[in-house]
Amino acid sequence: MSTAKRSAGILLFRVVADGDGHPDVEVLIGHMGGPFWAHREAAAWSIPKGECEATEEPAAAARREFEEEVGLPLPDGTWVSLGESRQSGGKTVTVWAVEAGLDPDAAVPGTFSMEWPRGSGVLREFPEMDRFAWCSPDVALARLVAGQRVFVERLRVHVREGHAPSEA
């Protein structure tokens with residue numbers, strides 16, 4: 001039995017037209033919470049995702065983690081597999097894209113506790129993600145941690161190669 005860590009997540013997207021009228025996407029990503037990420041923008045954002053429990057199916061973990069991290073139910077929509085990617089730390093991440101709208105200002109992110117400042121003995125609570133934003137692929141690629149950028153690239157190919165823009 002493998003002890004490798006696995007995570008799963010959902011990348012919400014909406015189809016928009018690029019400058020030439022061709023279909024492109026905007027994706028919803030979240031800025032990681034806590035003191036380590038507080039003053040960072042580049043490579044400090046993530047797809048809402050989290051670890052799979054030992055016997056949990058990745059799709060179930062993706063839905064659970066989206067709802068925990070964003071604090072809202074996952075909107076209805078067709079799930080598009082974006083596959084998996086092995087991260088630099090050895091974790092395998094599986095991501096699905098779902099075309100749906102969501103108001104980032106309505107998010108109520110889950111929290112985690114950690115000792116802060118380190119060595120103080122004081123436990124403080126921080127949001128798992130402290131803000132969310134719809135981003136163009138180029139902005140998302142600059143903001144996302146390196147190991148998650150491949151999912152935006154895969155989604156963009158999917159949309160450009162056959163997905164018609166959504167009707168208003």
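Q: What should I keep in mind about the numbering and the model?
A: Residues are numbered from 1 along each chain as its sequence is written, and side-chain values use heavy atoms, with hydrogens and water left out. Since the model is predicted, local features need pLDDT of at least 70 and side-chain atom pairs count only at pLDDT 80 or more, while totals for chains, interfaces and linings use all residues.

Q: Let's start with strands: which strands pair with S6, and in which sense?
A: First the terms: helices (H or I, at least four residues) and strands (E, at least two) are DSSP runs, numbered from the N terminus. Two strands pair if DSSP finds at least two bridges between them. Here, strand S1 (residues 6–17) runs parallel to S6, with eight bridges, and strand S5 (residues 79–86) is antiparallel to S6, with six bridges.

Q: How many residues sit between S5 and S6 in their hairpin?
A: Five, and Gly 90 in that turn has a positive phi of about 100°.

Q: Is S6 mostly covered or mostly open?
A: Seven of the eight residues of S6 are buried, so the strand is mostly covered. Take Trp 96, which is found in S6 (residues 92–99): its relative accessible area is 14%, so Trp 96 counts as buried. Glu 84 is 12 residues from Trp 96 in sequence, and their C-alpha atoms are 9.2 Å apart.

Q: Where else do strands pair, say with S9?
A: Strand S2 (residues 23–32) and S9 run antiparallel, joined by six bridges. His 31 stands opposite Arg 131 in S9. Five of the seven residues of S9 (residues 129–135) are buried, so this strand is largely enclosed by the rest of the structure.

Q: Which backbone angles deserve a look?
A: Most residues other than glycine have a negative phi, and most peptide bonds are trans. In this model, Ala 43 has a positive phi of about 55° although it is not a glycine. Ala 43 belongs to the loop between S2 and S3 and is partly exposed, at 29% relative accessibility. Then there is the peptide bond between Trp 116 and Pro 117, which is cis, with omega about -5°. Pro 117 is in the loop between S7 and strand S8 (123–127).

Q: How many aromatic pairs are there in the whole structure?
A: Rings of Phe, Tyr and Trp (its six-membered ring) pair if their centres lie within 6.5 Å; planes under 30 degrees apart count as stacked, over 60 as edge-to-face and the rest as tilted. The search finds three pairs. In the pair of Phe 36 and Trp 37, the ring centres are 4.7 Å apart and the planes are at 90°, so that pair is edge-to-face. Phe 36 is partly exposed, with a relative accessible area of 47%.

Q: Which residue lies over the face of Phe 36?
A: A charge sits over a ring if NZ of Lys or CZ of Arg is within 6 Å of the ring centre and within 35 degrees of the ring normal. For Phe 36 it's Arg 40, at 4.0 Å from the ring centre. Likewise, Arg 143 lies over the face of Trp 45, at 4.6 Å from the ring centre.

Methods. Buried means under 20% relative accessible area, exposed over 50%, partly exposed in between (1.4 Å probe, protein chains only).
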